[in-house]
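Please examine the entry shown below and discuss its architecture in question form.

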Amino acid sequence: MATRADWVEFDKISALGGWGRKSVQALELLASSKDRFHFKLFQLLLAKLASKGLSSTLTPNEATVAYSGLVFELEEATEDAVQEKPLALTTEAPALAVPIDASRVETFLATPTRQRVAMLLDEGVSRADIAGASEQEGTPKTEARLFFGDSAPPKAKRALEYLVEHGSVDANEIAKLFGSKTNGDLRALELVKVTNGKASTGLTDLEEVEHQLRHRVKRQPAIQVGRELWIQYDEPEDMELFGRAVAARFGKTDYRVATFKKLGANIRRWALWDDPYLIDPTRSALAARLHASALSDDLQIGAFSRSRDEALIGKFVALMSEGLSLTEAAERLRVPRSTAFLWKKEGRFEA
């Protein structure tokens, strides 16, 4: 697996030459930046490559024990040391060297930041680990309740306007007209109260409804986190990963996969409704779809779609590379042929 005698060491990474030196230089550069996210992504890549190196030479139990001690630190090295040997692994006796695939290090460093998360997923790094990388050091988990944002923002706005016009209304009526999720979201945003089965709002002017709703949304902790992560992940399309990253800030890590996907799509919808300029206008197809999701009452617009499941796309491309036809690969993964042709049109693979 190793190329050019490249190695990862346990306990410390030292700049000792070859690709090892380049790896550490990259770590130093990423560590010095204000955004530690890509520094942590690189750490995850090196750890995964080391894990693969271990699994090729040790039994699973030995690999688990050894891998658990893998720590990334930076250590200065002399010029003599740089010329003597490559990046090496040193432990208490007996010493053990772990080979890594240096071509993957080169690929990571050459990959645009927007695509690095997808690369790590392809390498087998878990979404939970990548989501954890988004947490800034020293940032405590918020004590606020996690806002799920299960309703559509335009519908929430109309529900508020209805309450302003009609005053105190039976909560069941609001649920029937605008959905129970809308009622719950407005209560979470502290814009609606329910007392003795009656829903009411403190707002009295129709003209201030949208302003107040946007004000509360901007201050909502989960949406603030979502906005921050949106920039950090450079417009994430993997809603499970995005949902995991948001939930992790609130200490929530044990939801089902479907719940993480739903949370990611919901927070993205609310964040973009409040701040549409988060979307990169140069990505026209994506921009149009996301704008539509933020402005629609239909929660299926912009919701998680298998056509945007990067892990599924990776499996499909792998089957194609094995010689399966488009139809055969689609049938194997139970993917509609229309979705497979969409991936082809987007240039995800050549057939």
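Me: What share of the 351 residues in the protein chain is buried?
Reply: This is a predicted model, in which local features need pLDDT of at least 70, side-chain atom pairs count only at pLDDT 80 or more, and totals for chains, interfaces and linings use all residues. Residues are numbered from 1 along each chain as its sequence is written, and side-chain values use heavy atoms, with hydrogens and water left out. Buried means under 20% relative accessible area with a 1.4 Å probe, protein chains only. By that criterion, the buried share of the chain is 46%.

Me: At what angle do the axes of helix α8 and helix α14 cross?
Reply: Axes are lines fitted to C-alpha atoms, for helices over the stretch in contact, and angles run from 0 to 180 degrees between N-to-C directions. The axes of α8 (residues 153-166) and α14 (residues 257-274) come within 10 Å. Their crossing angle is roughly 65 degrees.

Me: Which residues of α14 meet P153, P154 and A156 in α8?
Reply: Contact means heavy atoms within 4.5 Å. On the α14 side, the partners are R269, W270 and W273.

Me: Which strands stand at the edges of the open sheet of 3 strands?
Reply: Two strands pair if DSSP finds at least two bridges between them. The sheet has the order β5-β7-β6, with antiparallel pairing. Each edge strand has a single partner, so one side of each is left without a neighbour in the sheet. The edge strands are β5 (169-170) and β6 (193-195).

Technical notes: Buried < 20%, exposed > 50% of the residue type's maximum accessible area, 1.4 Å probe, protein only. Helix = DSSP H or I, 4+ residues; strand = E, 2+ residues; numbered from the N terminus.
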